[in-house]
Amino acid sequence: LTLPPYQGRGIGRLLIEFSYELSKKEDKVGSPEKPLSDLGERSYNSYWKDTLLQLLIEGEKNGEQLNVNDLSKKTCMKVDDIQATLQKASVIGTTKRNTASIVIPESVKEAHRIRMAKITTHIDPDRLHWTPVTKYI
């Protein structure tokens, strides 16, 4: 939740990123509570799309072929959220054998590069020192 005077400054996105970094420390897949507000849905969809495209583009450069399960392990996002996001981003195609494949058009890559250049504040996972609670008193 970002209060109205602070919306549009990237604080909501930073909180979403922080939440997923904590999930990675816990090694637990997570998703926001549903239903989301319109603004919340837009924020999560934007974060998911940017994060997934970044991983897919980097993986492609390194010769990795990532699938939705790999993406879920790396991001701690639910597979359902990943599939829905990739479909909305129009990067899931079908092969001749009628199986799904992830293909990122150059226009999507370029739009992603431009968008990521505008986002300057991120959570540094190396500086996040947190131990998840394992026992309840």
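What percentage of the 137 residues in the chain is buried? Buried residues account for 31% of them, where buried denotes under 20% relative accessible area, exposed over 50%, and partly exposed in between (1.4 Å probe, protein chains only). The model is predicted: local features need pLDDT of at least 70, side-chain atom pairs count only at pLDDT 80 or more, and totals for chains, interfaces and linings use all residues. Residues are numbered from 1 along each chain as its sequence is written, and side-chain values use heavy atoms, with hydrogens and water left out.

**Figure 1. Overview of the chain.** Five helices and two strands are present, in the order α-α-α-α-β-β-α from the N terminus. Helices (H or I, at least four residues) and strands (E, at least two) are DSSP runs, numbered from the N terminus. The C-alpha atoms occupy a box of roughly 55 × 40 × 30 Å along the principal axes. Of the contacts (heavy atoms within 4.5 Å) with a separation of 6 or more, 63% join residues 24 or more positions apart.

**Figure 2. The buried side of helix α3.** In α3, which spans residues 68–75, the buried residues are V68, L71, S72 and T75. These residues lie on the same side of α3 because they cover an arc of only 100° around the axis, the arc being that of the directions from the helix axis to the C-beta atoms. An α-helix has 3.6 residues a turn, so residues three or four places apart point the same way. The cover over the buried residues of α3 includes α1 (11–26), α2 (38–61), α4 (79–88) and β2 (100–102).

**Figure 3. The two ends of helix α3.** At the start of α3, a side-chain oxygen of N67 comes within 2.9 Å of the backbone nitrogen of N69. Just after α3, C76 adopts a positive phi of about 65°, although C76 is a residue other than glycine. C76 belongs to the loop between α3 and α4 and, at 4% relative accessibility, counts as buried.

Figure 4. D27 is not a glycine, yet has a positive phi of about 60°. With a relative accessibility of 65%, D27 counts as exposed. The peptide bond from K34 to P35 is cis, and its omega is near 5°.

Definitions and conventions. Polar contact = N/O pair within 3.5 Å; in protein donor to acceptor, adjacent residues only side chain to side chain.
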